[in-house]
Amino acid sequence: MERTAVLERFDVRRIRKDFPILTRTVNGKPLVYLDNGATTQKPQQVIDAIVNYYTQLNSNVHRGVHHLSQLATDAFEVTRRKLQPFIHAAHEHEIILTKGTTESINLVASCYGKAFISAGDEIIISAMEHHSNIVPWQIVCEERGALLKVVPINDAGELDMEMYRSMLNDRTRLVAITYVSNALGTINPVKTIIELAHAAGAPVLLDAAQAIQHLTIDVQELDVDFLVFSGHKMYGPTGIGVLYGKEKWLNAMPPYQSGGEMIKEVTFAQTTYNELPFKFEAGTPNIEAGICLGHAIDYINDIGMAAIAQYEHELLDYTTQRLLDIPGLRIIGTAKEKSSVVSFLLDGAHPYDVGVILDKLGVAVRTGHHCTQPLMDRYGIPGTVRASIAMYNTKEDIDILVAGVEKAAAMLL
Ligand SMILES: Cc1ncc(COP(=O)(O)O)c(C=O)c1O
């Protein structure tokens, strides 16, 4: 479809009506919510589903023959059924429901680490990772005597692919890289990253926390081994997330946590484990969030990921151009391929002070290191101001942001 046709069809006014929080004021000003990288707002459809769960369905899953338990179990499993085509997984049982991206990465670090990583092995991450895709690997390396290698980036915030190539060898046991950088907005060349890793015999984990709500993802086409993301960044509830893993890896890994649900049979002498996906889902899950994530997926599907991606891309270009017109403003992260995030600094002003002035104007942005301290060190800065956009943001939101930054510049510089 022609790009212009998609843009004309994208009815952001109608979409905004689905998000009740967008009508509130902050500090006496209409809310301009540009902190979507941290978490997105929720549409009425998801909010209604939460209320419906507690008023009509509440019951534990996978445990009862009684009517409510069956209804809750069915509704919970429907989400898994929706997630499979959403990321184009080959099997439903390759979808493990977790608390979120952080737990999904910790699960892989712990279980894959126990099964496949030993002294002298190597794990590759990148200089732009979120702390949750750094620290679990540091811990695994420490525990198992492995070496953590870090792919550097150029000043634009793009991975040094030559260095990456040179780091891969027959000791590489895993590559764990972010799909989209939460602090820079860089979209990494994940297809090539995966092909090169596989050629060296290493599987790849993609942190899709900042990609899943902006890009169409096909795990089979990518041939990715693990993909992780959070529900709350894709218009769904907090407390629910996903670990996609290829069946062969999940079957070869030991369980993560132990208790109810993950077992087949327990005696005091021995326990056998449940099959996928339940082997990795010990205990009562976040049932309400699991069910309502399915409604968030319906919401995204109804609008269409291709249309969302094109609209957001257009808005990102507009944001970048408008901000660059402000004297003394510097954008951190100028990769050729970018999604949804503009990080910037006003030379001579602390990001925190800019954030406080914007907040007074009703504009919600993130300031600080964005859980990427090593990345901030790479640029020699304490942090940035980050505007991150979602499908409900408008050019008017960006105009208010720009006016606010101009005001901050006049006050602080
Ligand atoms: C790239 C990236 N990875 C991981 C995370 C952690 O996500 P969560 O806090 O939902 O587990 C985030 C959250 O901001 C992120 O942006």
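In helix α13, residues D353, V354, I357 and L358 meet L401, G404, V405, A408, M411 and L412 of helix α15, where contact denotes heavy atoms within 4.5 Å. By class, this contact comprises 8 nonpolar, 1 polar and 1 charged residues; Ala, Val, Leu, Ile, Met, Phe, Trp, Tyr, Cys and Pro count as nonpolar, Asp, Glu, Lys and Arg as charged, and the others, including Gly, as polar. The model is predicted: local features require pLDDT of at least 70 and side-chain atom pairs pLDDT 80 or more, whereas totals for chains, interfaces and linings use all residues. Residues are numbered from 1 along each chain as its sequence is written, and side-chain values use heavy atoms, with hydrogens and water left out.

Helix α13 spans residues 351–360 and helix α15 residues 395–412, and the two pack at an angle of about 125° with their axes 9 Å apart. Helices (H or I, at least four residues) and strands (E, at least two) are DSSP runs numbered from the N terminus. Axes are lines fitted to C-alpha atoms, for helices over the stretch in contact, and angles run from 0 to 180 degrees between N-to-C directions. Helices α13 and α15 are therefore oblique to each other, given that angles under 35 degrees count as roughly parallel, over 145 as roughly antiparallel, 65 to 115 as roughly perpendicular and the rest as oblique. Their crossing is right-handed, that is, the near helix is turned clockwise from the far one by less than a right angle, anticlockwise being left-handed.

Helix α3 takes part in two helix pairs. With helix α4 (residues 67–87), the axis of α3 (residues 44–57) comes within 10 Å and crosses at roughly 155°. This makes α3 roughly antiparallel to α4. Residues Y53, Q56 and L57 of α3 meet L68, L71, A72 and A75 of α4, a set of 6 nonpolar, 1 polar and no charged residues. The axes of α3 and α11 come within 9 Å and cross at roughly 145°, and this crossing is right-handed. Here Q45, V46, A49, I50, Y53, Y54 and L57 of α3 contact I287, E288, I291, C292, H295, A296 and Y299 of α11. The residues of this contact divide into 11 nonpolar, 2 polar and 1 charged.

The chain is assigned domain 1 (2–30 + 304–412) and domain 2 (47–301), with bounds from an automatic or database domain assignment. The domain centres, taken over C-alpha atoms, are separated by 28 Å. The contact takes 36 residues from domain 1 and 31 residues from domain 2. About 2600 Å² is buried between the domains, of which carbon and sulfur atoms give 56%; buried area is the accessible area (1.4 Å probe) that two parts lose on being put together, summed over both. On the domain 1 side, M305, L375 and R378 lose the most area to domain 2, together 23% of what that side buries.

A cis peptide bond, with omega about 0°, joins L276 and P277, and P277 is found in the loop between β12 (271–273) and α11 (287–303). Residue N27 lies in the loop between β1 (25–26) and β2 (29–30); its phi is near 50°, a positive value in a residue other than glycine.
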